[in-house]
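Have it open while you read.

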Amino acid sequence: MLRAILCRPAALAALLLCLSAGTARAAWLHNGTPLCTAAGSQYNVTAIPDGAGGAMVAWEDARNGAADVYCLRITSAGVPASGWPADGVPVCTADFDQSGPHLCSDGAGGAIIAWTDLTPGASTWDIYANHIDGAGHTAAGWPAASTRGVPICTADEHQTGVRIVDDGAGGAFIAWTDERYGGADLVVQHLLQSGAADPQWPVDGLDEFHDTAQQYDPVMLPDGTGGIWLDWSDDRASQINSNLGFDVYFERITASGTPAVGHSSTGFPATTAVQSQGHSTMVHDDAGGVILAWLDYRNASITGVFTSDIYCERIDANAAVHAGWPNTNNDRALCTATGDQDNVLAVPDGAGGAIVTWRDLRAPTPRAYATRVTATSVLAAGWPLNGLSLCSNVSGQTQHVAIADGAGGAFVCWLDLRGADGDIYATRVRGNGTFAPGWPAAGTSVCAVTGDAAAPAMVTDAQGGAFVFWRDLRTDGGDVYAAHLTANGDASLLSVAPPAHASFAFAVRSGNPARGSTVFALTLPAEAAATIRILDVTGRVVRTLSQSVTMSAGEHAIVWDGRDEAGAAAASGVYFARVDAAGITASARCVRLR
């Protein structure tokens, strides 16, 4: 049980009132809530909704030395779901490295996670997967985390760039780039709920393309009938005419591994324009088809300047260009502004069209842009030609991600360059090309503390808002942090500072007892210098977490990783975190288990 002790009796009642009133509040903290602060680095964070208003998060984790894969399920309050420990559960901790995890829902609150694995005794990468259920356990019949997981492909040479989507029946489709034949081929496998490969599919995956040049950058979507849509970058045309470069191809594949009606086993081009097209994105069109958008260099042959633009095309369920859309020689231009446009991402607009976002280099600094194309291929009313700038600050935005907001618009989040360190900002843009009420033109600060934040990921909260996750370097080589964005940017729920009149408070925020890190919540009514130490029961200082560090008014997450000043793991037992700030000394009791 938490017990807060203040040296000034007059403040004790105020603190206890603050703590008791706060027990029902969401646990989201100003500038981000720590999800994993284990030793070593955590990075390559990815997430999906858990189907119950929370999220499943996975990442690479170096707490054991080499790169492993861990995951965590959180609730809508920003805390681990029941049964899940702080700092996550291991998905794979086998020797050597596991890299680039991607995950999909199992339909029951858990996830199937796939990754690229450096197998012992080999210098090449293979594809593996594992299944963690909604309670935080390895699913029945699947390998323990200490083993290597289910082998998806262990063929010769490298298999990399893994992607995964659910099959709607508790299993998953997994795609990757495969070098077993000397080039780069696109290979897909169907994994059943049991963890076994679908017997209708070839061992080591379905490779329909090894006689047709090279394929890169696979993108997948469930097709709604048990199969998948697949698109990729393909250079088969460049082997005939070097002016053609890469093209964007697509195919729809059934659950049994055969092409859907109207489709070809080697795919069809979404565009046959000159020069190169690639790095595509794909969304459903709500009519059984898809809208694809990509980076396009066709105008380099006209301008003589080799820069990329943004184009798109709509394909129906039977592989035909949708009625009313231009043919694959022309396609639909979304942005042909000067300079490069890259990192293209699309989300459905809920009306058969798409909101397409990209990083834009028409200005001296990179900027986040977006536009909306309707189901009939025209730009939606209210959106400027060549896109809308999503942030009025000119310092720069990069590494953006986007999700649909469920109301015809989109949430967009990015790494922001306006501060001394990389920060995380976000906005919400409506379907008419305006910012939603409560969202400023310069974006809303999600995390702006000292120390870089990087590589955000984002998923819906199923209530009209979004969860944001990122790698955070405020304390060490990288931790996993998160924040909650509401639909209207309501400051009482968004991860922003509480009002200036908030009372002083200091308490344990994470699980107590804890085996990994312990997180404390410190609320300051005004800016103050804070010294925070961990003491054992004899009063000996075990660790100094901050020494006269100036902190702003509001709520702060204070993380103790369970180690002493020398970096050794502290013994099991009772400890006290003591804070001296604003003329007040307060302590919070925590219990550490090993």
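Predicted model: local features only at pLDDT ≥ 70, side-chain atom pairs only at ≥ 80, totals over all residues.

1. Strand S20 (residues 309–315) and S21 run antiparallel, joined by 3 bridges. Strands here are DSSP runs of E, at least two residues, numbered from the N terminus, and two of them pair if DSSP finds at least two bridges between them.

2. Numbering starts from 1 along each chain as its sequence is written, and side-chain values use heavy atoms, with hydrogens and water left out.

3. Zooming out, S18-S19-S20-S21 is the order of an open sheet of 4 strands with antiparallel pairing. S18 (277–284) and S21 (332–335) each have a single partner strand, so one side of each edge strand has no neighbour in the sheet. From one strand to the next, the twist averages 30° (axes are lines fitted to C-alpha atoms, and angles run from 0 to 180 degrees between N-to-C directions).

4. Now the inside: the structure has 1 cavity of 30 Å³ or more. A cavity is a set of points on a 1 Å grid over the protein atoms alone where a 1.4 Å probe fits but cannot get out; lining residues have an atom within 4 Å of a point. The largest cavity has a volume of about 120 Å³, volume being the space filled by probe spheres set on the points.

5. Of the 14 residues lining the largest cavity, Pro 34, Leu 35, Ala 86, Ser 510 and Val 519 are the closest to its centre. Strand S2 (residues 33–36) gives the most to this lining, with 3 residues.

Note on methods
1 Å grid on protein atoms, 1.4 Å probe; cavity = no way out; pocket = protein on both sides within 12 Å on 5 of 7 lines; lining within 4 Å.
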